[in-house]
Amino acid sequence: MRAIPTLKISISGVRGVVGQSLTPKLLTRFAEAFGTHTGSGTIVIGRDPRTSGEMVKHAVVAGLLSTGSRVIDIGVCPVPTVQLQVRNRRAQGGIAITASHNPPEWNALKFIGSSGLFLDAGQARELLDIYHQGEYTKAGGAELRTVEVVEGATDLHIQSILDVLGPLPKTEKKLRVVLDSCNGAGSLVGPKLIEALGAEVIRLNTTPDGSFPRPAEPLPENLGDLCRTVKEHQADIGFAQDMDADRLAIVSEQGEAIGEDYTLVLATLFVLGREKGAVVANLSTTSAVADVAKKFDCPVFLTKIGEVNVTDAMQQQRAVIGGEGNGGVIYPRINFARDSLVGIALVLHLLAESGKSVTELLADIPRYTVVKEKIACASDRIAGVLRTVRQEFAEFQMDTRDGVKVIMPDGWLLVRGSNTEPIIRVVAEAKSEERARSLVDDVIGRISR
Amino acid sequence: MAIENIIRCYQSKDRAARQPFGGDDYLCREVQLSPTAQLPEIQTKKVSMKPLKIGITGVRGIVGETFTPELAVEFAEAFGTYLDRGRILVCRDTRPSGQMIRSAVLAGLLAAGCEVVDLGVCPTPSMQLAVKWLKADGGIAITAGHNPWQWNALKFVRSDGLYLNSTQGEELLDIFHQGEYAKAGWDTIKQVVQTADAIEEHIKVLHENFATEAIRSKKLTVAVDCCNGACSFLSPKWLTKLGCEVLAVNDNPTAPFPHAPEPKPETMAQLRAIVKAGRAAIGFAHDADGERLGIVSDLGEPLSEEMTLAIAAEIRLRKKAGVVVTNVSTSSAVDVIAARHGGSVVRTPVGQAYISEGLIEHNGVLGGEGSGGITVPEVHLTHDSAAAIGLILEHLAQTGERISDLVAGLPQLAILKHNVTVEPHRLYSVLQEFRASMEEEGLEIDAMDGIKVTLADGWVHVRGSNTESMIRIIVEAQTEAAARELLDWARDRIKR
């Protein structure tokens, strides 16, 4: 079998393994290409606490400076903080240094445009063209600008959340919250936010040292410690962030991981209760979002997978809330980005204002079970696999904008190649776990045949 | 149909167009085409004279043209690989490209698995001392020394605080050219530590090696021009510690260089004015990174950079006869001084690493070069302008002699330096042709570094620069007229 590559250069950025493919020279060149692309303006950079983060940062700073860009280094912080800073400072762009949920040996650059959104496919292709051409703007002498280290970007982030949502309404008893930041970018700002909102916080994995106390994805199987801690402290809710603090998962007061799909469901429930408007999610998001929107008589739009597709559609539809089934909540009134801090604030407000527990809230919402699997697959084989799926399930309704989504009467099934790793993702949703599992097993069986 | 197609070669008369190679004329091509004619495309071939020098003394070039961040990253990776990881110090001077190159160097070193200590803006000799007390495995100085502000360079220091010698420099180059570097994984990669202690520690070492109390008691008035370079952080502090009344100019490290960072009489106008106005006992001029020193006498006279070594040698050898190590290109005034005091002179090729090695081998009492770089072995075996200041002020304080009187007693020779810009690929052959013409005339040749010819009334030294694409001609004679004649004689024999 051919070796699975450890470097992924695509429209979602450059991602690779430190000590192998992700060399400082490559990173410097990408930063030079980005500086060239943005026209040597002001660029905000921030990173997650991975051990390789400092090396990557310096390589990026060197590349940016050499193109005559001015660099604002906001240090270790969530990706949405970088996006917010780009917008608030009217910077020309931003670079977030994070491989989000990938294992610790990975790191990546994610490129942010002047709007604070990730580069869309067209912009990203321009960037890649510049990178591959290898001719970058070269600043010398007095054209060279400096790097400014700025502290307190995360405090501003908290402030902009409070400006929109305010602190929690007074309740008899303060809400007690357990936060598991995975020792990631949310480790310091997360607890601060919860306290600023007026809740009590119990910290779990909040030492941002680049160690991974659990796999970074906030999937139910990775949240054992959080579930235990919630029960132990009789907390009202548990939150789990990923490494770059854009995604959020929830654990109920009974110590049950409710599935990261339901973060967006609860956030939607709260936001639509305040104001009506369109909801945008991606193809692999749970149908529960549509069910909640239906209650409020609001339209739902499903997009291709990828944050930038969701934000594009949100702008077009003037959506009031949007996000992804992986725990990414986008609330445009605060930040046009997947933002776990915003997610925490919305869900805590929901709890405080409704006076209900997580379990009680969920009881009013249809429950689906989502089963996700991934199988290793070289990039060049992905098209063949998708063709097989289309042929095998030809009798059902299909959405083929992104991979293949098979829509069945009692659930749905999605098969697609990952943009970030050489794998195929299989997602199925049904009313029961058994049914969802059997859908996944069925399709994997048919693919591997 | 005849196509009017005039391609005309001319010698550029526009001085600005010749930058940064100010010295000599070079060929340009101008293409004139008739506007009506249908013409095949004509490829104009540009003369390639890129200001980049990669050699055993490191890498040096113009930022924004040839010295790219990738190049700095790769050299840092190569150096990290060469030292097999370990602890590496990084310092820089105040050039505007310093921050950019620093980031590139830090990235390269970290990627290779090094533990990096960033000393920030700090003189190179302070870093070289710190390599020892921080028990580091090496260091990188980000500075183009005396080159104009658009330039930058990397200089590599080993675990004893000295520059890599030529063999080690070649090994480093081999690794760079091979392009395969050590790579740290996520579990072995280190972080950057920042410290600003190197300068304090440097002053402490200087303090221990000179008669500080004697100097303090004299309360000398001393003028200093830091050229807004790294010495802005060191020199005024050191002079204050010596109890001097300090008249500092250009000591703002965030401002651009006020003049070329080369301590020569041409760049010392401000310092002269301050020495005169402040009735200072002496004036000192620094380069950008604290290696070279220029002197203005108490009469306000700017001294040739060659005089710095002559003064230091006179002071040193009066106290203690011994070996002075200098390069082939330095004034023979030092030979006369050594003969007076029963000392001797050892000549090496041009370059600090050779001086350091010469000092170790011959147990020398002083090292230095005609460029104004002085090594005081008690402090460390590398050029250090702050140490040279200590040596000179100690003498002024202990003897009460005025610097102008001391200079008056030194041999007065005329030395002339001239640079000829040569295309990089012609450097060697131009030198060889010069050598052949010398041999034809039956002259005796010293070929230790370039070609040195000693004649009855003086000497001529012709060598390729280590740092720029040019040939340097240095001549010395008893009088300026004789020196000029000698220079013309040599220039006539260099055919570009």
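User: Is B:Asn363 buried or exposed, and why?

Analyst: B:Asn363 counts as exposed because there are 10 C-beta neighbours inside 10 Å of B:Asn363, and a residue is called exposed at 12 or fewer. Keep in mind that this is a predicted model.

User: Ok, and where in chain B is B:Asn363 found?

Analyst: B:Asn363 is in the loop that runs between helix H11 (352-362) and strand S16 (366-368) of chain B.

User: Why point out a positive phi?

Analyst: Because most residues other than glycine have a negative phi.

User: Which residue of chain A has a positive phi without being a glycine?

Analyst: A:Gln234 is one, with phi at about 50°. You'll find A:Gln234 in the loop between helix H7 (224-232) and strand S10 (237-241) of chain A. A:Gln234 counts as exposed too, since A:Gln234 has 9 C-beta neighbours inside 10 Å.

User: Let's zoom out. How many helices and strands does chain A have?

Analyst: Chain A has 14 helices and 20 strands. Its radius of gyration is 21 Å, close to the 22 Å that the globule rule gives for 449 residues, so chain A is as compact as a globular protein of that length. The C-alpha trace spans about 65 × 55 × 40 Å along the principal axes.

User: What share of chain A is buried?

Analyst: Buried residues are 57% of the 449 in chain A. Also, if you take the contacts in chain A with a separation of 6 or more, 69% of them are between residues 24 or more positions apart.

User: Which domains is chain A split into?

Analyst: The assignment gives domain 1 (7-151), domain 2 (156-363) and domain 3 (369-448) of chain A. The C-alpha centres of domain 2 and domain 3 of chain A are 26 Å apart. Nine residues of domain 2 of chain A are in contact with 10 residues of domain 3 of chain A. On the domain 2 side, that contact has two nonpolar, five polar and two charged residues.

User: And what are the domains of chain B?

Analyst: Chain B has domain 1 (1-47), domain 2 (52-196), domain 3 (201-408) and domain 4 (414-492). Between domain 2 and domain 3 of chain B, the contact takes 26 residues from domain 2 and 32 residues from domain 3. Helix H3 (residues 124-133) of chain B gives the most to the domain 2 side, with seven residues.

User: Back to chain A. What order do the strands take in its open sheet of seven strands?

Analyst: The order is S1-S2-S6-S5-S3-S4-S7 in chain A, and the pairing is mixed. Strand S1 (7-10) and strand S7 (147-149) of chain A are the edge strands, each pairing on one side only.

User: How many bridges join S3 to S5 of chain A?

Analyst: Five bridges join strand S3 (residues 42-47) to strand S5 (residues 93-97) of chain A, and the two run parallel. On that pair, A:Gly46 stands opposite A:Ala96 in S5(A).

User: Last one: how many residues does each chain put into the contact between chain A and chain B?

Analyst: Chain B puts in 31 residues and chain A puts in 31 residues. Helix H1 (69-82) and helix H2 (98-111) of chain B each supply at least two residues of the chain B side. H2(B) gives the most to that side, with nine residues. The chain B side divides into 17 nonpolar, nine polar and five charged residues.

Note on methods
Residues are numbered from 1 along each chain as its sequence is written. Chains are lettered from A and ligands numbered from 1 in the order in which they are written. This is a predicted model: local features need pLDDT of at least 70, side-chain atom pairs count only at pLDDT 80 or more; totals for chains, interfaces and linings use all residues. Domain bounds come from an automatic or database domain assignment. Two residues are in contact if their C-beta atoms, placed from the backbone, lie within 7 Å. Ala, Val, Leu, Ile, Met, Phe, Trp, Tyr, Cys and Pro count as nonpolar, Asp, Glu, Lys and Arg as charged, and the others, Gly among them, as polar. Helices (H or I, at least four residues) and strands (E, at least two) are DSSP runs, numbered from the N terminus. The radius of gyration is taken over C-alpha atoms; the globule rule is 2.2 Å times the number of residues to the power 0.38. A residue is buried if 20 or more other C-beta atoms lie within 10 Å of its own, exposed if 12 or fewer, and partly exposed in between; C-beta atoms are placed from the backbone. Two strands pair if DSSP finds at least two bridges between them.
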